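Here is a short briefing on one protein chain.

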Amino acid sequence: MSPTRRDFLKYTGAAGLAIASSDLVGELIAQSPKGNPLTSTFKGLADVSLGEAKRAGCTYADVRFTRSVNSGVNASGGSDRADDGGGFGGGRGGRGGAGRGGGARAGGRPGAAGFGVRVIHSGVWGFASSPLVTEDEIRRITRIAADVAKASAIAKKVDVKLAPVPAYTEYWSSPIRKDPTSVPPEEKQAFVQRVVDAVVKNRAVSRVTASVGVGNEWRYFASTEGSYIEQETFEITPAFNVSAKIGDVTKTRNFAGVPKTGGWEVAEESEMIESAERIAAEAVEMTTARPIGLGLKDLVLMPAHAMLTIHEIVAHATELDRILGYEANYAGTSFVKLSDVGKLKYGSRLFNVTADRTIPGGMATIGFDDDGVKTMRFPIVREGILVGLQTNRETAPLIGDKASKGCTSASSWRDYPFLRMPNVHVEPGPKGSPTPDQMIADTKDGVLIDGRGSYSIDQQRYNGQFGGNCFWEIKNGRKTRMVTDVTYNAITTDFWGNLDAISGQESWRMFGTGGDAKGQPTQTNSISHGSPWLRIKKIMVGAAYA
């Protein structure tokens with residue numbers, strides 16, 4: 001039997017009944033009124049932590065309660081689809097047979113829930129977390145966070161200083177038009193099955209898998225700055241992959257689905273069904289594609305591929321904590337220096353890069369970061385010159401900034417919040433910019449690249465090698481044969497300096513990823529990178545690996 005709100009309040013009093021993160025916290029969220037964080041039961045629980053931190057002598061404290069729920073649907077088909085007993089794609093299909101997928105999880109599967117407390121004591125951070133949400137546990141965890149800070153102060157070099165932030169009392173949620181929880185599981189399952197049914201019409205297809213993941217995260221933040229902020233996001237991840245086999249050659253074409261924050265409309269607008277037959281045909285064509293020759297060629301990058309390069313050698317390279325050396329032990333530093341801001345020629349005059357945690361649908365879009373800072377849009381590169389860096393409350397004062405740019409995030413309640421990249425986009429060209437067709441027509445010897453592939457990057461984000469999922473040769477202004485095994489080398493500033501053509505707003509697209517790893521222990525981040533079509537002149541292209 002589910003607990004009532006009265007039961008919950010009784011149990012979380014002096015008796016301190018442990019609340020299971022997967023059920024009672026969810027009940028409390030459902031029963032607490034939304035729209036005003038001051039009327040939420042979590043305000044009282046947050047005040048327990050903030051009061052305990054004050055008694056422990058902390059100069060700053062914040063507490064985050066979070067809960068995540070993951071659900072989704074999937075289906076598979078094709079001549080090579082094995083009987084996996086009702087798991088992903090369950091059932092056996094014959095040649096061209098679709099087979100029903102058993103991946104729907106009605107109502108969602110509760111994920112991790114709990115709280116984390118972050119404090120400053122003796123000029124040093126302390127952090128602790130727990131999945132047990134009770135008043136006694138909140139007090140205990142807060143005291144542990146203070147003790148961690150006091151112990152760490154022995155080795156401190158400087159005191160932590162935070163950029164100021166206003167106090168906010170707000171509720172924010174991802175804009176959605178079709179609540180994923182209101183869509184019947186049968187309707188979701190039928191959607192992915194239609195993708196599979198369309199793909200397997202092509203008899204050369206050996207396997208297809210289609211899925212739509214639905215992630216829901218709720219969070220409540222409070223701090224000694226006076227903020228009480230409740231937020232909720234939905235993340236929709238549509239995707240399908242098609243493998244084709246001709247003779248002994250098997251190749252896989254990935255559909256570059258566009259994961260976004262939003263409702264079920266994200267799946268319906270993803271063009272999965274409309275693209276199914278085309279992606280199947282391209283998978284077949286890949287089996288007969290031949291490697292491209294080594295040499296200098298012009299690259300025409302579609303947005304689904306450009307996002308990878310933007311992520312690795314622009315977004316990561318302009319994280320201030322990386323520039324300051326905080327990530328040197330794990331994921332490297334950056335070739336960018338603090339003195340480069342306002343001076344470094346990052347690319348050609350066509351190159352304009354913007355960070356934006358407010359853009360609708362962005363995977364990193366949210367109302368407030370995990371410092372309680374209102375998120376924003378800000379420039380990183382303008383007309384090829386580096387003009388800005390990603391900051392948070394801790395790092396902004398180190399470069400003389402008076403305010404944070406809202407880039408703090410933690411993967412869950414159990415993780416320590418630190419600087420993570422926002423959505424980072426290359427801006428489209430002005431009115432009158434070439435269309436993708438015009439860009440191809442103006443290219444004599446080049447390669448058109450779509451989708452993500454293998455990549456390798458040095459520790460300073462300066463020297464990299466990138467591949468994609470699908471490639472076509474461009475000869476004398478025409479897209480000709482499909483080619484394979486394409487990689488290209490990129491020295492960051494030289495690469496973007498060779499940007500000589502960029503399409504306009506009509507062909508600008510935003511793609512996303514959910515696997516951005518950083519920190520120790522490692523946390524993963526979800527972000528989006530938007531881009532128009534880009535042409536990069538005279539880049540060394542080869543076939544270092546498949």
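What percentage of the 546 residues in the protein chain is buried? Buried residues make up 57%, where buried means under 20% relative accessible area with a 1.4 Å probe, protein chains only. The model is predicted: local features need pLDDT of at least 70, side-chain atom pairs count only at pLDDT 80 or more, and totals for chains, interfaces and linings use all residues. Residues are numbered from 1 along each chain as its sequence is written, and side-chain values use heavy atoms, without hydrogens and water.

**Overall make-up**
- The protein chain holds 11 helices and 26 strands; these are DSSP runs numbered from the N terminus, with helices (H or I) of at least four residues and strands (E) of at least two.
- Of the contacts (heavy atoms within 4.5 Å) between residues at least 6 apart in sequence, 75% join residues at least 24 apart.

**Helix H4**
- H4 spans residues 135–152, 18 residues in total.
- Its first and last C-alpha lie 26 Å apart, close to the 26 Å expected at 1.5 Å a residue.
- Buried residues of H4 are Glu137, Ile138, Ile141, Thr142, Ala145, Ala146 and Ala149.

**Packing of H5 and H7**
- H5 (residues 185–199) packs on H7 (residues 272–286) at about 25 degrees, with the axes 8 Å apart.
- That angle makes H5 roughly parallel to H7 (under 35 degrees).
- The contact involves Phe191, Arg194, Val195, Ala198 and Val199 of H5, and Met272, Ile273, Ala276, Glu277 and Ala280 of H7.
- By class, this contact has 8 nonpolar, no polar and 2 charged residues; Ala, Val, Leu, Ile, Met, Phe, Trp, Tyr, Cys and Pro count as nonpolar, Asp, Glu, Lys and Arg as charged, and the others as polar.

Terms used:
Axes are lines fitted to C-alpha atoms, for helices over the stretch in contact, and angles run from 0 to 180 degrees between N-to-C directions. Angles under 35 degrees count as roughly parallel, over 145 as roughly antiparallel, 65 to 115 as roughly perpendicular and the rest as oblique. The expected span of a helix is 1.5 Å times one less than its number of residues. Buried means under 20% relative accessible area, exposed over 50%, partly exposed in between (1.4 Å probe, protein chains only).
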